[in-house]
Each structure stands twice: as C-alpha cells, then as structure tokens.
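The sequence and the coordinates are shown first, and the description follows.

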Amino acid sequence: MIRALTLILLCQLAGEAVARALGLPVPGPVLGMALLWALMSGSASLAEIVRPVGEGILRHLSLLFVPAGVGVIGHLDRLGSQALALGLAIVVSTALAIAAGALAFTLVARLTGSRDA
Amino acid sequence: MHDFAEIWSYLAQGPLLWLTLTLVAYVIADLIAEQAGRKPIANPVLIAVVLLGLMLWATGTPYAVYFEGAQFVHFLLGPATVALAVPMHAQGARLKRAILPVLAGVSVGSVVAVTSALAIAKAMGVDMETLASLAPKSTTAPVAIGIAQTLGGSPTLTAVLVILTGITGALIATPLLNALRLKDWRARGLAVGTAAHGIGTARAFQVHPTAGAFAGIGMGLNAILTALIAPAVLRLFL
C-alpha cells in the first residue's frame, strides 16, 4: 500500500512541478493522472500494485468534497442579490450541458459505429 | 472530573475533533444515502455538509478551526485525481474505441456549460466580475479558481459556484438522462463529469463503474478545454 501511495504522490508532485514550470493551464493532479496512466500502461506489475489503493481512494470520492462544501455554507451570502440569477444559471446550464454532452457522445458513437462492448 | 465545556475546548484545539466529525458526518450521510436506495436526492456530500454546517453553527466554531482538522481529507483530492488513472487504465480498450464520441461529448458539453450559464446570468443583469467568476463553474475547483482569476473574477465566489454546480449535476443527472432515454453508461458518465466535475464523477462511480471512468475523463478534458475557451466566450458577453 505504501508503494502505491508513494507512486501516486510522486505522479502528483511531478504533475505540479511540470504545470508550474511550463505555466500550463492544466492542474498538476490532472497531469499526474496522465503520467500514472502512462506508467500503468507500460508495466502490468506496476498497474497491479496501484490498482487496489487507487480503487480504495476512489470508492469514497464524495467524502473528499465535504470540507470544501462546508466552506461554501459560510459564503452563500456572497451570492447576495444575484442569488436567484446565479442559481437559475447554474441549474439550467448544468442540465443543458449534461443533456448536450450525452447526446453529442451518443450521436457520434452511432455515426462512427463505436459500440459499447 | 472535568466539565464538558473544558473537555470540548481541549479537543477543539487539535485537528482530531473535526477530522473525526467529518468522517462521522460522512458515514452517517452514506448510511442515509444507502437506506434511500442511492436516490440522487440523498446525495452524501450534501447531507454531510448540512450536518457539519449545523454542528459548526451550534458550537460557534469558525470555518478556519474546522478546516485545521478537515484539511487532511481535503488534501486527498489531489491524490484522488491522480488515482482516476486506475479506472481509466482498466477501461483503456473501451476508451480507445470511443475516442471520437468522447471528444465530441466533452467539446459540446463544455461549450454549452459556459455559454448557457453566461447567457442566463447576463440576461438577468449579473455584473461583469460575477460573470467572470461563473464562467468556469463546471471545471474542477483548483482549475476553476485559476481561470476565474485570469478573467478578473473572485476566487471565493468561484469556489461557491463550483461546489453548487457539482451538487446540482449529481442531483439532476440520473432523472435527466433517464428522461432522455440515454442508456449508454459511457455517454452518461462523460456528460456528468464534463458538466459537474468531481462531485458529478463521485455520483457516477456510485451508479456504474463505466460511468465513473468516463466521468473522470470528462472532468479532466473539460478542465483543459474550459481554460482554453472561457476567455473567448466571456468576451462575447462584454
């Protein structure tokens, strides 16, 4: 488990360093994810070491958003007089984006014959 | 024998108390969500946040004190993002077969998320700084804050809007996609990750592993894409 955690943190650290050094708009952890993916694709034994720990962290991904969520409560007044407009913008645009994204995927999947096996 | 207030103030000094209570609130929230058959309305993030908010309010605890304990949980967001490589690696072959639909889904979802939010807010008279804070609300929090700052928005307001968007996406995705009769777990997951970042991805993992993996991909690609398109889209609403 310690080996897997070390590898995950090393990937994140490398990602943060590269993102900062090159001034990329991509966050460090996303680059770290790409790096870990490349490493796992390169070595099956390494993939087996990381897999159980990675799955363990992701099983309760929801938990990790709780501290930030609690912080939001104290700042709800920041929405102020624009709360209604912002609430409506968020609900409608999120619904539209989910529907449009899923429909676009489905349409292109049909056109290119990409079936789920 | 110490009285309760004395013990409380001793415990409240260290990170143990609020770290533990964060986990307790989440375990309770997860049990409630399980009892409710994982219905979207019983969202564990939302329930745990409300429970902790009430606890902070009742004990008069400032958020900074709470965060000293909760930061250990918060820190894991980074490693968890890296760990998304695990389901993506497991789904590698399916992902390769679906590369064009993935790119189409993320591009359309990303543009619609930014443009429609700005159009609605602008029509309702929202000011410029707030529009800049709203533009990146579908991307994962650290990226959204970076984008908002470049556009002249407020980091705090952006964080609030990002979390509200995530919870909204997690609540509405299942009924919305059912109403559209879309059954492809890849399409469903990708769209939720694109529109509602990590909180949507967490919901997708609860529903189906394929949806979770594709949601992670949607979240990652959308972070990059929004950073590229948000400045141009915002300019349309100047």
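## Fold of chain A

In this predicted model, 31% of the contacts in chain A between residues at least 6 apart in sequence join residues at least 24 apart; two residues are in contact if their C-beta atoms, placed from the backbone, lie within 7 Å. Chain A has five helices and zero strands, where helices (H or I, at least four residues) and strands (E, at least two) are DSSP runs, numbered from the N terminus. The radius of gyration of chain A, taken over C-alpha atoms, is 20 Å, well over the 13 Å that the globule rule (2.2 Å times the number of residues to the power 0.38) gives for 117 residues, so chain A is more spread out than a compact globule. Along the principal axes, its C-alpha atoms fill a box of roughly 55 × 45 × 30 Å.

## Domains of chain A

An automatic or database domain assignment divides chain A into domain 1 (1–61) and domain 2 (80–117). The C-alpha centres of domain 1 and domain 2 of chain A lie 28 Å apart.

## Contact between the chains

In the complex, 95 residues of chain B are in contact with 67 residues of chain A. Helix 11 (residues 155–179) of chain B gives the most to the side of chain B that touches chain A, with 15 residues.

## Confidence and conventions

The predictor assigns the complex an ipTM of 0.89 and a pTM of 0.87.

Residues are numbered from 1 along each chain as its sequence is written, while chains are lettered from A and ligands numbered from 1 in the order in which they are written.

Methods:
Predicted model: local features only at pLDDT ≥ 70, side-chain atom pairs only at ≥ 80, totals over all residues.
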